[in-house]
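Me: Can we go through the salt bridges in this one? Keep it quick.
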Amino acid sequence: FTTGNKEAFLKSVVGALKSGSQLVLLELFPDAETGSDPSGDCDWTDFESREVFPWTIKDAEKLLTNQCMLIRSASDESEAYRKMAVNGWQSLLNQIDNVRDPELAEPLIVEAQRWMYRVGAIDSGRLRYGHIVAVKQ
């Protein structure tokens, strides 16, 4: 979701594939209808470390199809992704008793906050984790 020109990116990737090769795209996609926070107070993208260029799963499918890719499957894996993210952070925090080094603590807190907003956006339905499998024709 931080790649600006997705069409050029996919054209380059697909161009490197042989006919019959598969491409698996795993991506965070804002929900087409609820992608931004309806309250207008804050948005998950405000906490990302780089500029975000959101696109929907449908946008990705269209760009892939335009590059002669046959979509084999497109699924929403948000629940599993959310569980993995929460469990990963919980495991990390269980291993760290008390971080006293500010050079480690500060970026860890920033990254944890970023993931808190991503998980919150997944919980609210504003952000989805998509899994697309396509084959070059």
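Reply: A salt bridge here is a side-chain nitrogen of Lys or Arg within 4 Å of a carboxyl oxygen of Asp or Glu. This is a predicted model, where local features need pLDDT of at least 70, side-chain atom pairs count only at pLDDT 80 or more, and totals for chains, interfaces and linings use all residues. Residues are numbered from 1 along each chain as its sequence is written, and side-chain values use heavy atoms, leaving out hydrogens and water.

Me: How many salt bridges in the whole structure?
Reply: The search finds 5.

Me: What does Arg118 pair with?
Reply: Glu48, with the closest N and O atoms 2.6 Å apart. Arg118 sits in helix α4 (residues 102-124), and Glu48 in the loop between β1 (22-30) and α2 (57-66). They are 70 residues apart. Helices (H or I, at least four residues) and strands (E, at least two) are DSSP runs, numbered from the N terminus.

Me: Is Arg118 buried or exposed?
Reply: Buried, at 10% relative accessible area. Glu48 is buried too, at 12%. Buried means under 20%, exposed over 50%, partly exposed in between (1.4 Å probe, protein chains only).

Me: Next one. Which residue does Asp76 bridge to?
Reply: Arg128, at 2.8 Å between the closest N and O atoms. That links strand β2 (residues 69-76) to strand β3 (residues 127-136), 52 residues apart. Asp76 is partly exposed, at 43%.

Me: And where are Arg82 and Asp123?
Reply: Arg82 lies in helix α3 (residues 78-95) and Asp123 in helix α4, so their pair ties together parts 41 residues apart in sequence. Their salt bridge is 2.4 Å, N to O. Arg82 is partly exposed at 29%, and Asp123 is partly exposed at 48%.
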